[in-house]
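Hi everyone, thanks for coming. Let me put the sequence and the model up, and then we can walk through a few spots together.

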Amino acid sequence: VESIDVSGNGFGAGGAESLVAIVRSSPQLSKLDASQNNLRASAALLAEAAASHGSLRSLAMSANAIGASACTASVEALAAAAGGSGLAELNLSHNAFGRAGGGLAAVPGLSSLRLASCAVGAAGTTELASSRRPVEPPSGHVHDTSTTRPLGG
């Protein structure tokens with residue numbers, strides 16, 4: 001199985017433990033949507049499993065009542081993954097973890113980070129912005145500015 005969508009089942013912490021077992025026993029899994037399941041603090045367990053999984057590229061845990069401490073634990077697990085987790089897309093929208101979401105910038109390799117309606121606020125947004133490194137162009141790619149003209153010119 002490469003993709004699992006168990007969104008909207010509301011199975012809580014016990015379900016998170018089952019999802020962790022599924023992730024660990026599914027080496028081909030590349031996409032998991034566990035949104036709207038009331039995972040709360042147990043979301044950190046799922047993030048930890050995702051961090052150690054070699055092929056999981058997309059993890060959605062939106063609308064799971066994830067608070068600041070669970071968000072921080074998830075960030076720590078994903079950021080500490082040896083050699084990067086391989087995770088490219090992370091959706092944590094509609095969780096009220098506030099400024100703790102700013103720490104998600106520390107997760108290496110993310111190309112998509114969704115934090116809609118998470119109450120990240122100005123301080124968290126500033127942390128996100130200051131932690132992101134500029135994207136380097138692919139090797140061999142040169143940006144040609146020779147045809148650039150000033151505005152109005």
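Let's start with a question: how far is the sulfur of cysteine 71 from the closest cysteine sulfur? The distance is 7.7 Å, to cysteine 118, and that is too far for a bond. For a disulfide, the two cysteine sulfur atoms have to be within 2.5 Å, and the structure holds 0 of them.

Before going on, a word on where this comes from: it is a predicted model, where local features need pLDDT of at least 70 and side-chain atom pairs count only at pLDDT 80 or more, while totals for chains, interfaces and linings use all residues. Residues are numbered from 1 along each chain as its sequence is written, and side-chain values use heavy atoms, with hydrogens and water left out.

Back to our cysteines. Cysteine 71 counts as buried because its relative accessibility is 3%, and cysteine 118 is buried too, with a relative accessible area of 1%. Buried here means under 20% relative accessible area, exposed means over 50%, and partly exposed is in between, using a 1.4 Å probe and protein chains only.

Now for helix H3, residues 68–79. Helices are DSSP runs of H or I with at least four residues, strands are runs of E with at least two, and both are numbered from the N terminus. In H3, the buried residues are Ala70, Cys71, Ser74, Val75, Ala77 and Leu78. They cover an arc of only 165° around the axis, so they sit on the same side of H3; the arc is taken from the directions from the helix axis to the C-beta atoms. Ser69 and Glu76, on the other side of H3, are exposed. And what covers the buried residues? Helix H2 (43–51) and strand S4 (89–91) are included in that cover, with contact meaning heavy atoms within 4.5 Å.

Next, please find serine 35, in the loop between strand S2 (31–33) and H2. Serine 35 counts as buried because its relative accessibility is 6%. Leaving out residues up to four places away in sequence, serine 35 touches Val6, Ser7, Gly8, Ala60, Met61, Ser62 and Asn64.

Serine 117, another residue other than glycine, has a positive phi near 55° and is found in the loop between strand S5 (112–114) and helix H4 (121–131).
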